[in-house]
Amino acid sequence: MKINYRTQGTCSSFIEIEVEDNKVKEVSFTGGCNGNLKGICSLVKGMDVNEVISRLEGIHCGNKNTSCPDQLCKALKTL
């Protein structure tokens, strides 16, 4: 299943996610901190969706109430 998610409140504007058998197969962000987001994408690849959510949900970026990892969780919760 593919998810195309428009982020809110972050420097990145869009996340594309591919999930297969409840595992994250691919993730890519549009915009945001390129190196950090490439690292996040690499780390979550192959992880169970629920594990990603339990580890990354609720992370804040600076004084924002969300972050790119938190937005990834919001996208995954749309499954």
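Q: Before we start, what should I know about the numbering and the model?
A: Residues are numbered from 1 along each chain as its sequence is written, and side-chain values use heavy atoms, with hydrogens and water left out. The model is predicted, so to speak of local features we need pLDDT of at least 70, while side-chain atom pairs count only at pLDDT 80 or more, and totals for chains, interfaces and linings use all residues.

Q: How do strand 1 and strand 2 run, parallel or antiparallel?
A: General idea: helices (H or I, at least four residues) and strands (E, at least two) are DSSP runs, numbered from the N terminus, and two strands pair if DSSP finds at least two bridges between them. Here strand 1 (2-6) and strand 2 (12-20) are antiparallel, joined by 5 bridges. K2 sits opposite E18 in strand 2. The two strands make a hairpin with 5 residues between them, and in that turn G9 has a positive phi of about 80°.

Q: What does strand 2 do with strand 3?
A: Strand 2 pairs with strand 3 (residues 23-31) in the antiparallel sense, over 8 bridges. S12 stands opposite G31 in strand 3. This hairpin has 2 residues between the strands.

Q: Where is T7, and what does its side chain reach?
A: T7 is in the loop between strand 1 and strand 2, and its relative accessible area of 9% is why we call T7 buried. A polar contact is a pair of N or O atoms within 3.5 Å; within protein, one must be able to donate a hydrogen and the other to accept it, and residues adjacent in sequence count only if both atoms are side-chain atoms. The T7 side chain makes one with the side chain of T10 at 3.2 Å, and reaches the backbone oxygen of S12 at 2.5 Å.

Q: How do I read the largest pocket, and what lines it?
A: Rolling a probe the size of a water molecule over the atoms shows where empty space is left. On a 1 Å grid over the protein atoms alone, a pocket is an open set of points where a 1.4 Å probe fits, with protein on both sides within 12 Å along at least five of seven lines; lining residues have an atom within 4 Å of a point. Here the lining includes T10, C33, L37, K64 and C68. Helix 1 (34-44) and helix 3 (68-76) each supply at least two lining residues, with the largest share, 3 residues, coming from helix 1.

Q: Is L37 buried or exposed?
A: L37, in helix 1, is buried because its relative accessible area is 5%. L37 and C68 are 31 residues apart in sequence, yet 7.8 Å apart in space, C-alpha to C-alpha.

How values were computed: Buried means under 20% relative accessible area, exposed over 50%, partly exposed in between (1.4 Å probe, protein chains only).
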